[in-house]
Amino acid sequence: MPSKTIDHAFTATSLTSAATDPTFAGALSFMRRRFTKDLAGVDAVVWGIPFDAATSNRPGARFGPQAIRRASAIFDNDPQYPFDRDLFADLAVVDYGDCLLDYGNHQDTPEAIEGQAKAILDAGAFLLTLGGDHFVTWPLLKAHAALHGPMALVQFDAHQDTWFDDNRRIDHGSFVARAVRDGIIDPAHSVQIGIRTHAPEDFGIRLVHGHALEEMTATEVSRLILDHVGGRPAYLTFDIDCLDPAFAPGTGTPVAGGPSSAKILSVMQRLGDLDIRGADVVEVAPAYDHADVTAIAAATVAMYMLGLRAGRKGAR
Ligand SMILES: [Mn+2]
């Protein structure tokens with residue numbers, strides 16, 4: 001289809017219209033959604049958190065939101081309908097831009113993220129966040145739990161992120177430990193998919209290790225997730241290092257032996273019954289990427305998350 005418009009991010013006349021920007025040009029919001037801070041009539045918000053100061057190995061995830069937005073242009077004029085629908089036909093989605101942070105004052109970062117996330121959630125919008133390293137999920141969970149109470153965490157990750165935490169650390173490897181301690185997730189109904197490293201604590205969270213995942217079908221994995229969550233409100237967090245480095249090289253702490261993007265997208269496509277209350281895609285570090293492999297995978301995961309939400313429009 002030839003392009004009919006350009007710069008849909010600020011020329012669109014409706015929040016639900018399809019973009020027809022040339023893939024190689026135009027303002028790069030996420031999937032060309034309107035860039036705005038106006039949340040009137042908005043169903044879902046895409047928001048960036050350009051933060052990577054909690055990274056233990058390779059930094060660079062602060063550039064993740066920009067890379068994911070840019071890669072999301074690949075859907076223009078070549079739409080993918082994994083849920084058999086144009087997800088923007090009835091889901092009003094905007095790109096809210098990025099979280100404002102002080103790069104020299106990290107102790108204030110959690111409060112800044114939580115406060116800005118709360119402002120979005122209080123407007124009644126579903127929030128999909130583009131990280132940033134995995135530290136950002138802790139303040140995001142706090143903001144969501146204030147509305148929904150303790151949630152089931154569905155985490156795609158090579159790492160458990162349950163390392164010891166003294167509550168002062170700014171560490172991307174301990175957000176789960178904090179969330180359990182704070183009572184904002186329900187560990188008995190939480191699940192981690194793709195784990196390939198060992199941390200001393202699991203807090204009773206159900207783990208699906210990389211080797212087990214290799215043996216399971218996408219249907220089996222999705223059933224395990226849905227059964228374990230059991231219809232409870234869920235927060236979906238996707239660390240791109242869940243994927244094998246072959247499918248996501250552009251990340252801070254890659255681990256060999258992970259699933260393909262095809263396998264995991266197939267799992268996600270089967271999670272329509274998940275009561276998804278919030279979601280994020282984190283740890284995309286484009287400096288280590290090649291040919292946008294990682295950014296395209298992350299943009300696709302984010303698009304699927306919106307698809308899951310679109311299927312539950314009307315639910316809180
Ligand atoms: Mn992680």
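**Notes on the predicted model**

1. Let's start with a loop: Asn77 sits between α2 (64-71) and β3 (93-98). Helices here are DSSP runs of H or I with at least four residues, strands are runs of E with at least two, and both are numbered from the N terminus. Asn77 is not a glycine, yet its phi is positive, about 65°. Asn167, in the loop between β5 and α5, also has a positive phi, near 75°. Most residues other than glycine have a negative phi, and most peptide bonds are trans.

2. Before going on, some housekeeping: this is a predicted model, where local features need pLDDT of at least 70 and side-chain atom pairs count only at pLDDT 80 or more, while totals for chains, interfaces and linings use all residues. Residues are numbered from 1 along each chain as its sequence is written, and side-chain values use heavy atoms, with hydrogens and water left out.

3. Now the sheet. Nine strands make an open sheet with parallel pairing, in the order β1-β3-β2-β4-β9-β8-β5-β6-β7; strands pair if DSSP finds at least two bridges between them. β1 (34-35) and β7 (206-209) are at the edges with a single partner strand each, so one side of each has no neighbour in the sheet. β6 (residues 191-195) pairs with β7 over four bridges, and Ile193 has Val208 in β7 as its bridge partner.

4. Helix α7 (residues 218-229) packs on this sheet, touching β5, β6, β7 and β8, and its direction makes about 155° with that of β6. Contact means heavy atoms within 4.5 Å. Axes are lines fitted to C-alpha atoms, for helices over the stretch in contact, with angles from 0 to 180 degrees between N-to-C directions.

5. Which residues coordinate the manganese ion? They are His134 (through ND1) and Asp157, Asp161 and Asp239 (each through OD), at 2.1 to 2.3 Å. Donors are N, O and S atoms within 2.8 Å of the metal (3.2 Å for Na, K and Ca); water is not among the atoms, so sites may look incomplete. Along the sequence, the donor spacing reads H-x22-D-x3-D-x77-D. Asp157 lies in the loop between β5 and α5 and Asp239 in strand β8, so this pair ties together parts 82 residues apart in sequence.

6. One last thing to look at: the peptide bond from Gly131 to Gly132 is cis, with omega near 15°. Gly132 belongs to the loop between β4 (126-131) and α4.
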